[in-house]
Amino acid sequence: MADIHIADFYKDAARILVQLYNQFPRPTMLFVEDIAGPDTPDEFGLHSPRHQSCLSTMLWLAQTGYLRYETLVRQEAIDQAVLTQRGFTLLASPLPVHDVVGFEALPHDSDAPDSDANPSDDVQAAARADNGVQLLRDVLKHGSSTAIEQVMLELFRQARHHP
């Protein structure tokens, strides 16, 4: 059985990193709803578990050194969020795609995989990326949950080699 909360974590982390890369080096307000989708608090003002998990992903990325922020805006956003040197370097650096997918990258002009292809084909389609952020963009656009997980795991592995 798939761990849905882990699949959501990988997808949220990928979206957060890409959004901050797109704003780099400008600090920005990062809203949970922009990453996880709309949320309506219950009658007690509590957010859904999905919303809370996305916020926790933002905080985890900060605690582990991928981003920094100045303030938490209730449970809605983090303000003045920006990638750290570690986060930026990881996303801007070439990613050894063969480590992610186990085979050679596709040419840049290849199309997305067919809908009946297996999950590793999703990663193969994204493998034409030049760097970590482009690979994340491609896999978020064309990949399955499994493909997103594989790319995020490889990025986290590569982060061990970056200060």
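Rings of Phe, Tyr and Trp, the last taken by its six-membered ring, count as a pair if their centres lie within 6.5 Å. In this predicted model, the structure holds 8 aromatic pairs. One of them joins W60 and F156. Their ring centres are 5.6 Å apart, and the planes stand at 75 degrees. The arrangement is edge-to-face, because the angle is over 60 degrees. This pair links distant parts of the chain. W60 belongs to helix α3 (residues 49–63), and F156 to helix α8 (residues 145–159). The two residues are 96 positions apart. W60 is partly exposed, with a relative accessibility of 33%. F156 is buried, at 15%.

F156 also pairs with Y66. Here the centres lie 5.5 Å apart, with 55 degrees between the planes, and the pair is tilted. Distant parts of the chain are again linked: Y66 sits in the loop between α3 and β2 (67–68), 90 residues from F156 in helix α8. Y66 is buried, with 4% relative accessibility. W60, Y66 and F156 belong to one aromatic cluster, together with F9 and Y10.

The fold around these contacts can be outlined next. The protein chain has 8 helices and 4 strands. From the N terminus, the order of elements is α-β-α-α-β-β-β-α-α-α-α-α. The chain comprises 163 residues, of which 40% count as buried. Contacts between residues at least 6 apart in sequence were also examined. Of these, 56% join residues at least 24 apart.

Two packed helices are described by the angle between their axes and the distance between the axes. For helix α7 (residues 132–142) and α8, the axes come within 9 Å and cross at roughly 165 degrees. The two helices are therefore roughly antiparallel to each other, since the angle is over 145 degrees. Their crossing is left-handed. On the α7 side, G132, L135, L136, V139 and L140 take part in the contact. They meet A147, I148, V151, M152 and L155 of α8.

Helix α7 also packs against helix α1 (residues 4–23). The axes of α1 and α7 come within 10 Å and cross at roughly 130 degrees. This angle makes α1 and α7 oblique to each other. The crossing of α1 and α7 is left-handed. From α1, the contact involves K11, A14, R15, L17, V18, Y21 and N22. From α7, V133, L136, R137 and L140 contribute.

F24 and P25 are joined by a cis peptide bond, with omega at about 5 degrees. P25 lies in the loop between α1 and β1 (28–31). Two residues other than glycine have a positive phi: R74, near 45 degrees, and Q80, at about 60 degrees. R74 is placed in the loop between β3 (71–73) and β4 (77–83). R74 is exposed, with a relative accessible area of 64%. Q80 lies in strand β4. At 30% relative accessibility, Q80 is partly exposed.

How values were computed:
Residues numbered from 1 in each chain as written. Predicted model: local features only at pLDDT ≥ 70, side-chain atom pairs only at ≥ 80, totals over all residues. Heavy atoms only, no water. Phe/Tyr/Trp six-rings, centres within 6.5 Å; stacked < 30°, edge-to-face > 60°. Buried < 20%, exposed > 50% of the residue type's maximum accessible area, 1.4 Å probe, protein only. Axes fitted to C-alpha atoms, helices over the stretch in contact; angles between N-to-C directions. Parallel < 35°, antiparallel > 145°, perpendicular 65-115°, else oblique. Left-handed = near helix turned anticlockwise from the far one by under 90°. Contact = heavy atoms within 4.5 Å.
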